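I opened my notebook to look at a metal site and what surrounds it. Here is what I looked up, in order.

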Amino acid sequence: MQNIFETHAHYDDDAFDGDRDELIREFPENGIAKVVNIGANISTSKATVELTKKYDFFYGAVGVHPSDIREMEEPGSIELIEKLAVENEKIVAIGEIGLDYHYEDTDEVLQKKWFVNQMELAKRLGLPIVVHSRDAAKDTMDIMTAEKAGDIGGVVHCFSYSKEVAKIFLDMGFYIGIGGVVTFKNGKKLKEVVEYAPLDRIVLETDAPYLAPEPYRGKRNSSLYIPHAANVIADIKGVSLEELYKITYDNAMKLYRL
Ligand code: NI
């Protein structure tokens, strides 16, 4: 059977409260060999640690998402994230961190500050970063260049920019996370990125419970739907599904240094 590496999901989310355990227990028999659960604030980072303790094939990332940045306290929050990462060896990355200027009321200054601080934490701990970047390509690239993010390494998850922007992140040595959006009718730009990016720099993700692929668009997503996006990616790259799973699994192992 295939070994699929799910590099980005949120199984701490309320959307799974009714059937979390039953769902996750189905993963191994469906080829989902490894999952990295991603924290988005302090409480979901703690929940991520618990999930990694409960399921042997789960790993985790801890960090605070740009949309939750207002909860950061100084001092306190960075120290807490550091403690979660240091005390739990299945925590393999800092994330998700980054910039999200999608909403009107964003505090760009505050987002940049905590993106930098969390990147510096990752550097100190020798962990890769999981970057979330939406409607903020230029600032993300500028900050990552200034911070020498290439020395830290990591993934730009749910990649949503052009292939020109992809080139910058690829040149820094980053992986590109591709999920359900690649199956959407309006996913042309992302398909171009998949065509452009070398296969050894692509990793599979869902961002579950969000961004379910066609034909489940709008419904609750889960790692069981990875084959829908994987089929499209394999097609674009001209490889078999088996080859795609094998290569992206190896990529994810390198990304998270497992
Ligand atoms: Ni996410």
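First, a term I need: a polar contact is a pair of N or O atoms within 3.5 Å; within protein, one must be able to donate a hydrogen and the other to accept it, and residues adjacent in sequence count only if both atoms are side-chain atoms.

Before using it, I noted that this is a predicted model, where local features need pLDDT of at least 70, side-chain atom pairs count only at pLDDT 80 or more, and totals for chains, interfaces and linings use all residues. Residues are numbered from 1 along each chain as its sequence is written, and side-chain values use heavy atoms, with hydrogens and water left out.

**Entry 1: H157.** I found a polar contact of 3.1 Å between the side chains of H157 and E96. Another one, at 2.9 Å, joins H157 to the side chain of E205. Is H157 buried or exposed? I got buried, at a relative accessible area of 2% (buried means under 20%, using a 1.4 Å probe and protein chains only).

**Entry 2: the nickel ion.** Which residues are its protein donors? I listed H8 (NE2), H10 (NE2), E96 (OE) and D207 (OD), 2.1 to 2.3 Å from the ion. Donors are N, O and S atoms within 2.8 Å of the metal (3.2 Å for Na, K and Ca), and water is not among the atoms, so sites may look incomplete.

I wrote down the sequence spacing as H-x1-H-x85-E-x110-D. H8 and D207 sit 199 residues apart, so I'd call that linking distant parts of the chain. Both H8 and D207 are buried.

Notes: Helices (H or I, at least four residues) and strands (E, at least two) are DSSP runs, numbered from the N terminus. Buried means under 20% relative accessible area, exposed over 50%, partly exposed in between (1.4 Å probe, protein chains only).
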